[in-house]
Amino acid sequence: MPGRLVDSACRTCLHQALSRRTATIRPHSFRGHLIQSAQTPPQARCFGAAPSLRSPAAPKSKDRGPPSKEDTQTDFNAMNVLGNTPAPTTGVDACMDDGFALNSGLRVTGAGVMLIGGEAFKWRPWISEGRKEGTIGAGATGNDEKGVKSPGGKIQNAKGQLDVDKHAWGILDLAWPKPDLLILGTGRSIVPLSPETRSHINSLGVRLEVQDTRNAAAQFNMLATERGVQQVAAALVPIGWREGK
C-alpha cells in the first residue's frame, strides 16, 4: 500500500501509530506525516513544520558573566594613533565658494589650490595656455567694463569631462620626488576626468583619485597626516566654481 500523508495535529493517533497500537490510520486525521504501510508495523516520518517554540524571556541584565571588579574605563582617545601627530600646515581648514583657508592661516581666494610637498600654490586650471589673468581685454575671463577679475572659464570638454591643459600641471611635473597619490577635487560635485588628463597624470607615475572638493580636502588632511605631505598631494577646485561659456 502506498504511503499516506497524515496530520501532525492529531498527536493521539500518531502516538498510537508509532507505538504499534493500531494498524489503521484515518486518512482525514493526519497531514504532513508519511506512514509507509497501514498493514505492517507503522513507521512514521515527519514532513510537517516543527512545533512552535516559545521565545525565551528577555534577560534582566546585559551582564553575561560574573560581576566585574575593574574600576577603569576604556579611553577611546588613547586608541587614536594619530592623536598626537600634528596636522600639516597645508591641511585644508575650510572650503569656501571662491577659495580655501589652510591650517597655517593662509587664505587662497579667487583660485583653486594645489598642495604638494608641504607647499601651497594657487591653481587656475580654467585659464587656457597663452591667456593672462585679469579682464577679457588682457586675454583672460574678467569683465572689461568693470575691470573685475572673474574666476570664470572652462575646464570641461564637450562631453562634460574635466579636461585640464598639460601646462596647468606644471608644478606636479617639476616636483621631485613625485607624490605617490594625487587627490583631485572637482568642485561641488564629482566630475568625470577626461582620458587625456588621466593619462597625463598617470604618465608621471602618480596615482589619481577623483572626488568632490569637500571630500577630497578631508581625505587629503587624513592621508597627509598619516603618510606625510611628501607622499600625498591635492589639486582642488573651489566649491563655488561655475562652468563658463
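Guide: Start with one term. A salt bridge is a side-chain nitrogen of Lys or Arg within 4 Å of a carboxyl oxygen of Asp or Glu. Keep in mind that this is a predicted model.

Visitor: What makes Asp180 and Arg227 a salt bridge?
Guide: Their closest N and O atoms are 2.9 Å apart. The cut-off is 4 Å, so the pair qualifies.

Visitor: Which parts of the chain does that pair tie together?
Guide: Asp180 lies in the loop between α2 and β9. Arg227 lies in helix α4, residues 213–227. The pair therefore ties together parts that are 47 residues apart in sequence.

Visitor: Why is Arg227 called partly exposed?
Guide: Its relative accessible area is 35%.

Visitor: Is Arg207 buried, exposed or partly exposed, and why?
Guide: Arg207 is partly exposed, because its relative accessible area is 44%.

Visitor: Which residues do shared partners join into one network?
Guide: Asp180, Arg207 and Arg227.

Visitor: How many salt bridges does a search of the whole structure find?
Guide: Three. One of them pairs the side chains of Arg188 and Asp97, at 3.8 Å, N to O. The limit is 4 Å, so this pair counts too.

Visitor: Where do Arg188 and Asp97 sit?
Guide: Arg188 is in the loop between β9 (181–185) and α3 (195–203). Asp97 is in the loop between β4 and β5 (99–102). They are 91 residues apart.

Visitor: Why is Thr90 called buried?
Guide: Thr90 has a relative accessible area of 4%. Buried means under 20%, so the word applies. Thr90 is found in the loop between β3 (44–46) and β4 (92–96). Leaving aside neighbours within four places in sequence, its contacts include Leu102, Leu115, Phe220 and Val229.

Conventions: Residues are numbered from 1 along each chain as its sequence is written. This is a predicted model: local features need pLDDT of at least 70, side-chain atom pairs count only at pLDDT 80 or more; totals for chains, interfaces and linings use all residues. Side-chain values use heavy atoms; hydrogens and water are left out. Helices (H or I, at least four residues) and strands (E, at least two) are DSSP runs, numbered from the N terminus. Buried means under 20% relative accessible area, exposed over 50%, partly exposed in between (1.4 Å probe, protein chains only). Contact means heavy atoms within 4.5 Å.
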